[in-house]
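Please look over the sequence and the structure below before reading on.

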There are 2 protein chains.
Amino acid sequence: MKYSRQRELILKSLRENCIHPTAEQLYDFILQEEPTVSLATVYRNLNLLAENGMVKKIEGLDGTAHFDHQTHDHYHFICTRCGQVFDVPYDIAPDLETAVEKQTGLKVTSYDIAFRGICQNCRKIN
Amino acid sequence: MKYSRQRELILKSLRENCIHPTAEQLYDFILQEEPTVSLATVYRNLNLLAENGMVKKIEGLDGTAHFDHQTHDHYHFICTRCGQVFDVPYDIAPDLETAVEKQTGLKVTSYDIAFRGICQNCRKIN
DNA sequence: CCTCAAAATGATAATTATTACTATTATTGT
DNA sequence: ACAATAATAGTAATAATTATCATTTTGAGG
């Protein structure tokens, strides 16, 4: 994997954006700093970075993929009203790989949990 | 919600298909019995049935939505080689809603776990 | 510091999954 | 049987993502 200015910018931008953005959201953000990057480059690099474990790709929240600069184990909660994504700490359910393997014999290489609900902000409003 | 022959057929077909099919897979299956149903009808009804809790919509496995006739609490494992989806029993991690609420204050209304790995069949082959 | 092969890019076309639209048909309560 | 309402088939439209490809950038070796 060779260096590229664009990839560095994408990674830096993701780290500055703690909202778990989609590729398109991150693209819009990046355009402000560097208006020549291509949407395809953003998609390409986010997937590449995810394959290499440098970022996390989160699927199953709302149909579109989100990206997370935090790579340590943790889960996610999406507010079904405002769409905001929150982190859920790993220790609410640690070591599920082992639990699954014990019960089913299936060897888990990765997994995600997508929690859904209404966040505290939206709950207040209504 | 009025009765419709097509919806009944869709539900019946899903129950006969324990492979957690996508809308399109189920559509192909249904065509053999009833060649006049529309793909749109399959999508419409699967979503409708899911909203009413009669089937489960599974997202986050591989980018496309799968459907499950089993409505009781359980999780899923997808083989990243052959794409087959397996059930994972609920008791490997029960009552996560409460765990999340205790730790974060967020009220969970639903959640899914998508486990990934290589299934036992694929493991044998390679 | 040149050269060149490999990798990355931007721009856009293509694909895939899903939803929207609309005229027609089926269902159901009266 | 009638009318109101919901559902359908068929297709167009949309949204998200990936593929393509000509051009540019990177980095290792002479």
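In this predicted model, 69% of the atoms of DNA strand C within 4 Å of the protein belong to sugar or phosphate, and the rest belong to bases. DNA strand C is surrounded by 19 residues, of which the closest are Lys2(A), Ser4(A), Gln6(A), Thr41(A) and Tyr43(B). By class, the surface near DNA strand C is made up of seven nonpolar, eight polar and four charged residues.

Around DNA strand D there are 19 residues, and the closest of them are Lys2(B), Ser4(B), Gln6(B), Thr41(B) and Arg44(B). Of the atoms of DNA strand D within 4 Å of the protein, sugar or phosphate accounts for 70%, while the rest are in bases. The surface near DNA strand D divides into seven nonpolar, eight polar and four charged residues.

| Side chain (N or O atom) | DNA atom | Distance |
|---|---|---|
| Lys2(B) | base oxygen, DNA strand C | 3.0 Å |
| Tyr43(B) | phosphate oxygen, DNA strand C | 2.8 Å |
| Arg44(B) | phosphate oxygen, DNA strand D | 2.7 Å |
| Asn45(B) | phosphate oxygen, DNA strand D | 3.2 Å |

The elements that give two or more residues to the surface near DNA strand D are α3 of chain A together with α1 (5-16) and α3 of chain B, and the largest share, four residues, comes from α3(B). For the surface near DNA strand C, the largest share, also four residues, comes from α3(A).

Key
Residues are numbered from 1 along each chain as its sequence is written. Chains are lettered from A and ligands numbered from 1 in the order in which they are written. This is a predicted model: local features need pLDDT of at least 70, side-chain atom pairs count only at pLDDT 80 or more; totals for chains, interfaces and linings use all residues. Side-chain values use heavy atoms; hydrogens and water are left out. A residue is near a molecule or strand if one of its heavy atoms lies within 4 Å of it. A polar contact is a pair of N or O atoms within 3.5 Å; within protein, one must be able to donate a hydrogen and the other to accept it, and residues adjacent in sequence count only if both atoms are side-chain atoms. Ala, Val, Leu, Ile, Met, Phe, Trp, Tyr, Cys and Pro count as nonpolar, Asp, Glu, Lys and Arg as charged, and the others, Gly among them, as polar.
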